[in-house]
Structure formats: structure tokens, C-alpha cells
Amino acid sequence: MTNIEIDGKQVSVPTGGTVMDGATQLGIYIPYFCYHKKLSIAANCRMCLVQVEKAPKPLPACSTPAVEGMKVSTHSAMAVASQKGQMEFLLINHPLDCPICDQGGECQLQDLAVGYGASASRYTEPKRVVVNKNLGPLISTDMTRCILCTRCVRFGQEIAGVMELGVAGRGEHAEILTFVDSTVDSELSGNMIDLCPVGALVSKPFRYSARIWELSRRKSVSPHCGLGSNLVVQIKLNRVMRVLPRENEEINECWLSDKDRFSYEGLNSEERLTTPMIKRDGQWQECDWHTALEFVANGLKTAQEQHGAQSIGALASPHSTLEELYLLQKLIRGLGSGNVDHRLRQSDFRADSHLQGSPWLGMKIAEISQLKSALVIGSTLRKDHPLIAQRLRQAVKQGAHLNLINPVSDDLLTKVTNQVVVAPAAMAAMLAQVLKAAAELKATEIPATLKDTVSSISVTDTARAIAASLIDNKPAAIFLGNLAQHHPQYADIHMLAQHIAQIAETSFGVLGEAANSVGAYLAGAVPGPGAVGISGSSQVGANGSNASQMLGMSAIPIAEPCRAFVLMNLEPEFDSYNPQQAMKTLAAAELVVMMSAYKKHVASVDYADVLLPIAPFTETSGTFINTEGRVQSFNGVVAPLGDARPAWKILRVLGNLLQLDGFDYETPEQVRAEIFLAGSDVSTQLSNRLGSFAVGEIGQVSEGLQRIGEVPIYQADPIVRRAESLQRTHDAMAPLASMPGALLDRLGVQAGDMIKVKQGDGEALLPAARDDKLPANCVRVASAHPLTATLGAMFGEIMVERL
Amino acid sequence: MLSAESLKKIDHEVTKYPADQKQSAVMSALAIAQDEKGWLANETMDFVAHYLGMPAIAVYEVATFYNMYNLQPVGRYKFTVCTNLPCALSGGNDAAAHLKQKLGIGFNQTTTDGKFTLKEGECMGACGDAPVLLVNNKRMCSFMSCEKIDQLLEELSK
């Protein structure tokens, strides 16, 4: 600790700290533009000049290290004169266009000019003008306003991991730009808008739509990835105008991924469903709520009477709130069916009866930053969990090892110590190698149940290096990503990873795919007689069909196929593991009730019989339990659009119409109170352990071509699919059929040629692309996209033909 | 993109720095590339970026910062005249004016025969020799009075 004195007050700054740190601790205000607590120090705005005793010149507080006994004055005549002088310099070239500047009202330069600027400028020469740049569909530029603080450049280098912006030229000719007019494509790019202290980088979707002082600020929680980022939602006239991060050091820090930030456009989409609709004689007709709900209640009752309760199934998106999921399963179980699930993209449910709790991250999100070694299995991490990838990137900068076992070799924009790119079918075998290597290194026995499986496997050097990295560097963690969870051998992968974690003594986690992936288990939105979680533990999978069985995607057919479906907050053509099969099953069903915030996707109109407009997360109160098991409740920030209603209310009325017990809730708090029985503790319900699951045969490789079907970042849920600006980004490009060069040659096609991709009886025409890093005989075709919705399993066999 | 010979020179520069800091060689690499190509096209900078494993924009930052790098094609001889204060006090502006008049071009222009380009330079660290100018970044000419400039032009025109 170093003791210094600022404005006559004593303060102890950690060794290596700066004068700025001391001032922050004391609550003394020093003006600045380029300084940011999460970025490196540039000291190029010179706004934070302060007077230091015995120093002949004013010094920048942000970059001056605290030295024992230093005496600093932040408000002395010299300091104030320097700050005012610097403000005059900054304003020389800054345009006086505050009335038409989007930053007006939240501009640091505007604010500080009030405190430190003169009322008139002494500068009469021409001001410099800088040409605007096109940085893509998310960031709008007004480069003449730039004061060259370089926060955006440093953010790219240090946080986003990719330097897309830079300072070209020098002196008066210096300007911020990209190389040869490229766009900024980082999935975290929106943070540059927040960081820009002036109006040089502003939000393109929000631009010119409201002034800051017209907006109300309401708290909310992101409904997208499992992180549960904290949001400030800004509204005007009952409409969400934009979304900003709400700082929470333990979750999203001060950042937000572009998906969380810009997906609000989907809330105001033209495709919003605003009235209930019923299909009569093949025609969609609008109707009132009473008619629609009567129709649904009668339909469910008929199905129950004619085919038995087991003919009713409910599927919900894990992006739904805890209350919605809880009431949906209560309704279905009230009718006597155990068919309820939220895991539509999962294909392997063998581990269900061995689950000991809700799968979760296995540690706190904040602890990721402290890891010294991590093994990520099956994940396009940057796209699936942008801010978890960011935390790992910071950990790697501190010396952590990042190891990957993945079917794709996407650049994580960070140093990767060991990377294995293997075909999906070989992933389990690869894990078995790591397991064997870990056991050898630790000189421990491989569990008896696995001995036979592992004994015949020979260990490669990379597997040994991964095992050593996990054993030698602590704290360490193993994470299962989205690709692993969708994998047809998920149970084997999970079990092997669990054993590796046990032997290497690391933490073990499942990265939550959606905002409420953990909550959905606890709410009981899994098949079986009751929930895993809070309202009493029981086995998952018994007496109920899982999503795969309900939709007929499973190899193990169920005795009684579902004839009536309730779908909540999802679009099975995009949200299921095998959309082709899901569509067939739904088309054959007698009743399909869609509770959805959206209409218009042609396919959904085909299979649904009734559409109930539900409110998205901004229009209902609810709770998400994020991947670390943190319970976050939020309130609606605007009133529901048109006749849309919060899903929990709809389910409550349905419960009443069906004369089920215990549906007399008045408020969502009552639902919540029922879920969280007094004294119940979520953390005791979280577990990634599989009991006695026996790993199946691993390492069989089928003859044909295998599809690698990941979910693209901006196709993951119904809201983001309708966020227009995000849909124009590079990440939302139409899917390609990527394959290794050898396969292209074998087909006799060039990259860029259109080819026919076939699965089952569905086909799609896609441009071929070359990716030599893909494993042999694998074709990467993204799922969840209108162009590929006709195809089958995300990791199934696939055929490719030249046209 | 670059000749084997240039790549060999760049590889030699890279060996001067720690293995994980290849990008330290960016300035020499750009100079070598420019020696071969005459100027630095975007593709050349992109190539250097890939070769040194650094972001293209970071190479562009360096190339735009130093005015010895030519971002446009230049004539066979590039004169860079120092116009900073010590040179200006000792006749730097006169030297520049004389060159402009002789060549019939202004700063940042090239003669129509593609032979000479004129650039305004920053301090070259030889204020005692003012006025100074550089020929093709490498040949420093001191005490450049009008007569000496005439001699230089005559020599280069041969």
C-alpha cells in the first residue's frame, strides 16, 4: 500500500495504483475522457491533469503512479487552469452541433464543457472535418466529433480481442478508422457506443429516434444467453427505445453483448402477434380471448377424454420465465400428463434418470476470470456466450491455459493452448483419451464402469497436454458448451467430462444455453411426475416423454404419440434438433396451441390451430435463473402490445377453465412464492453429477457425411430472429455449406458454387464454402435458419450434391 | 506477394525480437516491402499484417504515422524537405520553394515524367546542417542552398 495525500486527505492506494485510483477511493472528482477502469491507460485526453507537489508540470492523474508521501491538488489554480486549457484545446475542432447530436444529454464532453469550458471560443480558424465511416449496421459514426480518446480502439484490442478500429495518421490528421473500409464485426461492438465519451460512435438503430431526457429507465434482465446480463431498458410512450447495460460486476461487468443490446428491435417487430387467432377451415380468424381460451380448454379436454392424458404434450422455450414454465408444467401435470420439456435442441436424453439436480455452470461466473486452466468442450463460445468468452479471454491474458475440444475451429480471439478439432462422432473418444491421460498422470484408477471403454484407446500427445494443463494449473474448470449439449452422445460426453473433472480435481460446468436453462429444470419443465427442483425432488424422465420423443425425433418411439401440443414461446421449425421431423409430428397432431409473441412465419401457420399472443420479457414480470444459479426477478417495463397478455396469466385462466386446483393466483409474486417454498435454497438443487450412468460404445464413426449444425448467434430465439439490425450483421449471414477442401474436390465444386444439401426428404440450396480446418467428412450447415429449416438433425447424416 | 529475397530480409528482422513479439519488426518489414514495391498498397500492408500475425489496422496505423512510408505511388526520386522550425529559420522554406519552382510541382505531387516527387518532412535530427532534405528516405543532403539543389537535380537527371 502506498500512502498519498489528495486535496489534504490521506488515502492508501494499492501498490502500483495511480493518483486516479486514490481520488476514486476518496470520492474526489477528476474530469476525464480517455480513462476507463476496465481498459488500459492511454493518458491521451489530458483532461485529468492535476498538480503534484514538487512536480514542475501538471501530471495526468490516470497515469501517474502513486508514490509514498505524494501530495496532489486536484482543484488548485494550476490544476484548474490546466483542465480548462485542455478543454479549450478539445473544443477547437469539436463541432458545435449538440442540438442535432444523438449523444446530447449523455455526452461527457458536453457535461464537462459546462464545468470547464469557456462561454465563447477564441478559435477563429477553420475546424477540421473528418469523413464518416461505415462501421456496419449497428454503429453510426460522426467522426468530426471524435476527440481521439482511443477508448474504442483499446476496447477492441483488450476486451473484444480483435483490433478492428485503429488511429491512422498523426497530429491534426489523426482519425479513427477500420482497415480499408471494413466493418466492425465483433459480437461485443455495441460497447464501443457506450464507451465513446462524445457523439462520434452512436447506436445506428436508435439514432434520431428519441432524446435522452424523454426516456424512462427501467431495470430488466436479458432473456438470451445463460449469463442473465443485467439491463437498463429505456422506454418512451410505452415503446422500448433502446437497451443499455446495468453494471453488475459479478455477471456482465459493465458490458453487454450485441445480442442483448440490439435484440429489442424484435420487440417492436411488425410480426408481433397482437390478437388471439383460431384456424377455422384452414383460414386464420381473429377472435377474442374468451373464445380462444375456450377453444384451447375444449381441445385439451377432448384430447384427454379421447386419447388419455398422455396424448397431451407441452414444449416450452428455456427463454421463458420461471413462472411461465412452472405454470405450464402444473397445467399439464394437472391434466394427468408428464409430457413436458424445454430441451428441444437436445437429442440424447439417456442421462435423464441419472440427473441429481439442474445442470449449471458449476461455479460463479466471476470465478471464470480467476481460472488458470479451462477445457471447453463443444462450443462456439464467442457466439454462444460472448461475455463468458470475454472473461476467459481476460483469464488467458493473465496466463490461463485455454483448451478446446470442438468439431469446429472458430477463432476465439484469444490464445488457445491446446486445440483438438474432431468430427462430432469422435468427440467422446477424444474425451476418453483425456480421461486416460489424466488417470495416468495422477496415477489413479479409471472407474470400473469405464475401464473397458477406455482400455483400448491410445492417448495422443494433445490429450496428454490437455490433461496436464488441467492437473497442473489450479483453479481449473471443464465446461460443456451448446454443441456438446445438442450432441447425439451428450450423455457419454457429460459422463466422461465428469470423470475427467473428478480425476483432475477441476470444477465442472454446463454452460446454460438460454436465460432460464437452469430455471426450467427447477420449475419442473422436464418430463416425469414432478420437478427436479425446488418443489420436491423426483426422477426426471419417468412417466413422461421428453422433447425428442414428443416430436418423434427419438429413435425410441413412445407407445402413445402426442396428439395435442401446447407450444410456449418457441418456433419448432428453428428451435428443435430435427425441424423436419418436428414439423411432421406437429402437422399430424390434432391440436397445436401456440403461445407466441409472433406470427407470420409461414411454417408455424401450417401446424398451429390456435395462436395465443403472449408478452415478451419486457411486457411481463418474471424470473430467470442464470447459469450460475442466480435468481433474478424483473418487472415488465411496458404494457403488453395490443391484446397480448403475460403467459402466466393465460396459463392461470386456462387452469381455471380446465377446473384444475391451485390456479387462483392474483400476482406473479404468488406463483414465485409457490415455486420457492419458504427456506428453499436454489444452490442445493444444482448438480452436474450423473449418478450411475454407463457410458455407451464410443468411437464408432459412420460411413456417410456428418452434419455439424450449430445455432447461429442471431437465430437462437424468436426475439433476436426479428431484430432487423442484427440480421444485417456479418454474423447473421445466410448459412453456407462449409466443408474441407478434399470434400469439395471430391464433389467437383468450387467454393462459392451453389450446391444441394439433403437430409431425409428435405433439401436446401446453399453456397459451398471451403474450411480446411473442419474434420474430414463433415459438412457444417447452420441450423435455426429459414434456409435450413427443411433439413433434419443438427448432427445427423447429410448428403451433398452438385447441381 | 513479396519476393523471396524480401521475405528473407523480413525474417532476419524478426529474429531480432522475442519469438512472441514478431510485430516489433513491423517498421522494418514495411520498409523492406516498400523498397521492393516502391510504395505500400493496401494489399501489401495486409500481407505484412498476415506475415507478422498482427491486425491489418495496426499495420495501417504505423504506415500512416511515419511519412517515410509511401501510401501512394511516387516518382523515381522522392525529395523530403524538412520545414520544421530550425530548418525554416535557416532557409528550409527557401529550399522547398526553389524545388517547387524548379520541378514545377507542389508538395505531395509528382512530376509528369514520373521522376520526382516532393514531400514535406518533419525534423530529421540534423538541425545543425539545416536546411536538410532526404532523397528516397535514405540519402541525407545537408546545407541545401539553391546552388546545391541545382547540382543535385543535375546529378539525378542524368
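A:Asp461 is exposed in this predicted model, with a relative accessible area of 60%, and its side chain meets that of A:Arg464 in a salt bridge with an N to O distance of 3.3 Å. Both residues belong to helix α13 of chain A, where they stand three residues apart and are therefore separated by about one helical turn. A:Arg464, at 33% relative accessibility, counts as partly exposed. Elsewhere in chain A, salt bridges that share partners join A:Glu271, A:Arg345, A:Glu513, A:Glu571, A:Asp575, A:Arg721 and A:Arg722 into one network.

The side chains of A:Arg350 and A:Asp492 form a salt bridge at 2.9 Å; because A:Arg350 lies in the loop between β16 and β17 and A:Asp492 in helix α15, the pair ties together parts that are 142 residues apart in sequence. Over all chains, the whole structure holds 44 salt bridges.

Where chain B touches chain A, the search finds zero salt bridges, although three residue pairs are in polar contact. On the side of chain B, the elements that give two or more residues are α3 and α4, and α4(B) supplies the largest share, seven residues. By class, this side has seven nonpolar, three polar and three charged residues. The two chains bury about 1100 Å² between them, 69% of it on carbon and sulfur atoms, and B:Ile57, B:Glu61 and B:Phe65 lose the most area in chain B, together 50% of what that side buries.

Technical notes: Residues are numbered from 1 along each chain as its sequence is written. Chains are lettered from A and ligands numbered from 1 in the order in which they are written. This is a predicted model: local features need pLDDT of at least 70, side-chain atom pairs count only at pLDDT 80 or more; totals for chains, interfaces and linings use all residues. Side-chain values use heavy atoms; hydrogens and water are left out. Buried area is the accessible area (1.4 Å probe) that two parts lose on being put together, summed over both. A salt bridge is a side-chain nitrogen of Lys or Arg within 4 Å of a carboxyl oxygen of Asp or Glu. A polar contact is a pair of N or O atoms within 3.5 Å; within protein, one must be able to donate a hydrogen and the other to accept it, and residues adjacent in sequence count only if both atoms are side-chain atoms. Helices (H or I, at least four residues) and strands (E, at least two) are DSSP runs, numbered from the N terminus. Ala, Val, Leu, Ile, Met, Phe, Trp, Tyr, Cys and Pro count as nonpolar, Asp, Glu, Lys and Arg as charged, and the others, Gly among them, as polar. Buried means under 20% relative accessible area, exposed over 50%, partly exposed in between (1.4 Å probe, protein chains only).
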